[in-house]
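Colleague: I would like to learn how to read salt bridges and nonpolar cores in a model. Please take one feature at a time.

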Amino acid sequence: MAFLEVKNLSFGYDDKVLVKDLSFCVENGSYLCIVGENGSGKTTLMRILLGLYSPMEGEVIIESPGGEGQIGYLPQVNAVSKDFPASVREIVLSGCQGKKGFHPFYTKDDKIKALSNMERMGISDLKNRCFRELSGGQKQRVLLARALCAGKKALFLDEPVSGLDPKATAQMYGMIGRLNEEGMTVLMVSHDIKGVLSFATHILKLGENMFFGTLEEYLESESGRMFLEKKE
């Protein structure tokens with residue numbers, strides 16, 4: 001069953017079209033990796049799928065809208081979020097805010113969910129630490145736990161291993177892979193195509209030689225071979 005369907009999507013900026021007439025479908029439980037050269041529109045597409053940007057043409061159909069607590073989003077980490085002066089527990093709990101409406105206080109269930117997701121990410125011992133004092137890998141695990149509090153069905157991840165050392169990168173990929181094995185649908189923007197080859201079920205490549213299909217189809221395609229050769 002389709003979790004997300006994109007029909008004839010065109011988008012860009014300042015009247016410049018980056019992607020034209022894009023259509024693809026993401027089934028529940030899939031792990032889609034969105035790749036492409038810098039400037040090909042990967043992050044813009046992610047934000048359109050989340051409803052943060054509007055496309056020039058086309059439509060996005062999502063089984064259950066993100067506002068209903070189905071989608072957790074981990075954006076690219078910027079300088080502001082890296083230095084945010086809050087505890088790990090506060091950051092993770094804030095993932096529950098999107099479903100609260102006019103109720104500003106956290107419930108017992110919210111606190112249980114936050115603790116559970118901290119345990120899943122192996123950061124329970126960090127719950128009282130200040131976020132800005134953590135390593136890059138620890139910060140990403142905190143933000144992933146926050147995304148899990150925000151969405152119970154799908155994770156949208158924008159460059160989740162950017163800036164991490166090899167050990168932290170491997171740990172992050174492993175955690176995301178396990179979440180997918182547990183049934184979570186994953187959409188990930190990544191420049192690290194080789195790093196996700198062991199996990200992705202489908203690949204969407206933007207830019208020249210645009211492609212959408214299974215990982216196996218991508219590896220056998222001309223588009224896949226050319227892109228991987230550039231990353232050697």
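Modeller: Start with a salt bridge, defined as a side-chain nitrogen of Lys or Arg within 4 Å of a carboxyl oxygen of Asp or Glu. Here R120 forms one with E182, their closest N and O atoms lying 3.0 Å apart. The pair links distant parts of the chain, 62 residues apart: R120 is in helix α4 (residues 108-120), and E182 is in the loop between α6 (166-181) and β7 (185-189). Helices (H or I, at least four residues) and strands (E, at least two) are DSSP runs, numbered from the N terminus.

This is a predicted model, in which local features need pLDDT of at least 70 and side-chain atom pairs count only at pLDDT 80 or more, while totals for chains, interfaces and linings use all residues. Residues are numbered from 1 along each chain as its sequence is written, and side-chain values use heavy atoms, leaving out hydrogens and water.

Colleague: Is E182 buried or exposed?

Modeller: Buried means under 20% relative accessible area, exposed over 50%, and partly exposed in between (1.4 Å probe, protein chains only). E182 is exposed because its relative accessible area is 58%; R120, at 38%, is partly exposed.

Colleague: How many salt bridges does the structure hold?

Modeller: Two. E133 and R129 also meet through their side chains, at 3.8 Å from N to O.

Colleague: Which residues have the most contacts inside the largest nonpolar core?

Modeller: Such a core is a set of buried Ala, Val, Leu, Ile, Met, Phe, Trp, Tyr and Cys residues joined through side-chain atoms within 4.5 Å. The largest has 46 residues, and V92, I123 and L144 have the most contacts inside it. Helix α5 (residues 136-150) gives the most to this core, with seven residues.
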